[in-house]
Amino acid sequence: MRTQVCIIGGGPSGLLLSQLLHLKGIDTIVLERQSRAYVLSRIRAGVLETGLCNLLRKAGAGERMDREGFIHGGTLLAAEGRKFRIDFDGLIGKSVMVYGQTEVTRDLYDARDRMDGKIIHDVDGTTIHSADTDAPYVTFVKDGTEQRVDCEWVAGCDGFHGVSRKTIPDSVLRQYEKVYPFGWLGILSETPPVDDELIYANHERGFALCSMRNANLSRYYIQAPVDDPLGKWSDDTFWDELRRRLPAEAADRMVTGPSIEKSIAPLRSFIAEPMRWGRLFLVGDAAHIVPPTGAKGLNLAASDVHYLSDALIRLYDENYSAGIETYSANALARVWKASRFSWWMTSTLHRFPTQTAFDQNMQEAELSYLENSRAAQTALAENYVGLPY
Ligand code: FAS
Ligand code: PHB
C-alpha cells in the first residue's frame, strides 16, 4: 500500500488529522490497534475548548455536537463548604462545550465513513521504518499477514503507550515527567447532573469533580489511591464519599444511581521533545499527558492536529515547508503552557499525602485569592477555555 500520510492511531487526534487532510485532497491511511467498538467504549474527556469545536466543524463532524452539546459560560469551585463561580463569559467573553470524547470520536468515525476514509482496525506489531529518511514506511500485521505502507510522512497519533515516541532514538528524545501520588476514581451514572455547571471541589478528604454528558448522564470523579482495587468501591461507598466532599446544598440535592462505568485513572504530567524526528511527527497523547484537572488532554491533541494539518496542507498546496519545520516548537509552546495550568489546578485542588500545614495554608490562600480577585479569576478563565492556537 502507498499513501501520502500514514497515521498511527484511530483515536480523536488520528481521526481528526485524517479528516482535515482528506478534505484538502491529501491521502491518508489510519492504522488502529483496537476494534472500532473498543475505541468507542472508552469514557474519557468531557470539556471541549472553542478551538477543538471549530476544528470539528471544519472537519464536517460538528453538527451533532452543536445540537446536543452544552455550552458552559463558567464553572464552580468549592472549598470549605463554600461554592463560587468563575464566570468565563463575563470575564473574557468565551465559553466551553460539554460533550463527551466518546461522542467526538463517534462523530469523527462517521465523518471518515462518509468520505470512505481508509482505517484499518485490529492491527498488530505496528513498526515505523526509515523515519529519518525521505522514504519512510510502516509495517504491521493484520489477520496474521504482515503488510507494508509506503508513505511520505508518518503521524504518531497512537497515545501514551503507542510505538511512535519509542521510535525516536534516546539520543534525540528528551522526556519530562511528574507522577502524582493519587488517581481519579470516575463513574458514569444515568442520573441528572447535580448542578448546571461543573463543580471542582477541594476538600480535606480529597478532590472531587461533578461533571456531566447530558441532562440524564452524569460523570463524577473523586481523588483516590491509584492502586485501590475497584472492588473496594461499591456504588454506595462512592456516592457517600463524593457527598462528603461537596458543599451540603449540593450533596443534599444529588441524585444517585447505579454506575454504568467505573474506573481509576493515574495522574501524570508528561512531555516528550521534540515532537518531530525526520518524517515522523508526534501528536496528542503520544507526545504529552496532562492530569485531567484542567480538561486539557483532548484539547491539546486538537491544537497539535491544527498545527500539523495546516503545515502539511501548505506543504502540499504551496510547497511551503516552514510549518513542518516549526511544528514541534509551535505545538510544544502551547503544550507547556497547558501543562502548567493543569499542574496548577491539580496542585490547588488535591490533597497531597505529604503536604505540610504550610502547604495547606498555601492552598487555602490560593483559593481565597481566586474567590476574591477578578485578575485571578480571569487568569483561570483564559487558561480553562483554551489559550489561542
Ligand atoms: P488516544 O490514546 O485517545 O488514541 C490513541 C489511539 O492509538 C488508541 O485508539 C489506541 O488504541 C491506538 N494505538 C495505540 N498504540 C497503537 C499501535 N501500536 N498501533 C496502532 N494503534 C495504536 N482528557 C481530558 O481532557 N479530560 C479527561 O477527563 C480525560 N480522562 C482520561 C481518562 C483516561 C483513562 C485516559 C487514558 C485519558 C483521559 N484523558 C482526558 C486524556 C484523553 O482524553 C486524551 O488526551 C485523548 O484521548 C488524546 O487523544 P489521542 O492523542 O488521539 O490518543
Ligand atoms: C469529564 O467530564 O470527564 C471531565 C470534565 C472536566 C475535567 C475532567 C474531566 O477537568
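The shell around ligand 1 splits into 12 nonpolar, 10 polar and 7 charged residues; here Ala, Val, Leu, Ile, Met, Phe, Trp, Tyr, Cys and Pro count as nonpolar, Asp, Glu, Lys and Arg as charged, and the others, Gly among them, as polar. This is a predicted model, where local features need pLDDT of at least 70 and side-chain atom pairs count only at pLDDT 80 or more, while totals for chains, interfaces and linings use all residues. Residues are numbered from 1 along each chain as its sequence is written, chains are lettered from A and ligands numbered from 1 in the order in which they are written, and side-chain values use heavy atoms, with hydrogens and water left out.

Stay with ligand 1 for a moment. It has 29 residues around it, and the closest are Ser-13, Glu-32, Arg-44, Gln-101 and Asp-285 (a residue is near a molecule if one of its heavy atoms lies within 4 Å of it). Look for the polar contacts, meaning pairs of N or O atoms within 3.5 Å. A backbone N or O atom of Arg-33 sits 3.0 Å from a nitrogen atom of ligand 1. On the side-chain side, an N or O atom of Gln-101 is 2.5 Å from an oxygen atom of the ligand, and one of Arg-42 is 2.9 Å from an oxygen atom of ligand 1. Alone, ligand 1 exposes 1,000 Å², and the protein buries 86% of that (Shrake-Rupley areas, 1.4 Å probe). Helix H1 (12–22) and helix H10 (297–318) are the elements that give two or more residues to this shell; helices are DSSP runs of H or I with at least four residues, strands are E runs of at least two, and both are numbered from the N terminus.

Now move to ligand 2. Domain 1 (5–71 + 98–177 + 268–346) and domain 2 (180–266 + 352–385) both give residues to its shell, so ligand 2 lies between them; the bounds come from an automatic or database domain assignment. That shell has 14 residues, with Tyr-200, Ser-211, Arg-213, Tyr-221 and Pro-292 the closest. Strands E15 (208–214) and E16 (217–224) each supply at least two of the shell's residues, and the largest share, 3 residues, comes from E15. A polar side-chain atom of Tyr-200 lies 2.8 Å from an oxygen atom of ligand 2, while a backbone N or O atom of Pro-292 comes to 2.7 Å from an oxygen atom of the ligand. Taken alone, ligand 2 exposes 280 Å², of which the protein buries 97%.

Notes
Polar contact = N/O pair within 3.5 Å; in protein donor to acceptor, adjacent residues only side chain to side chain.
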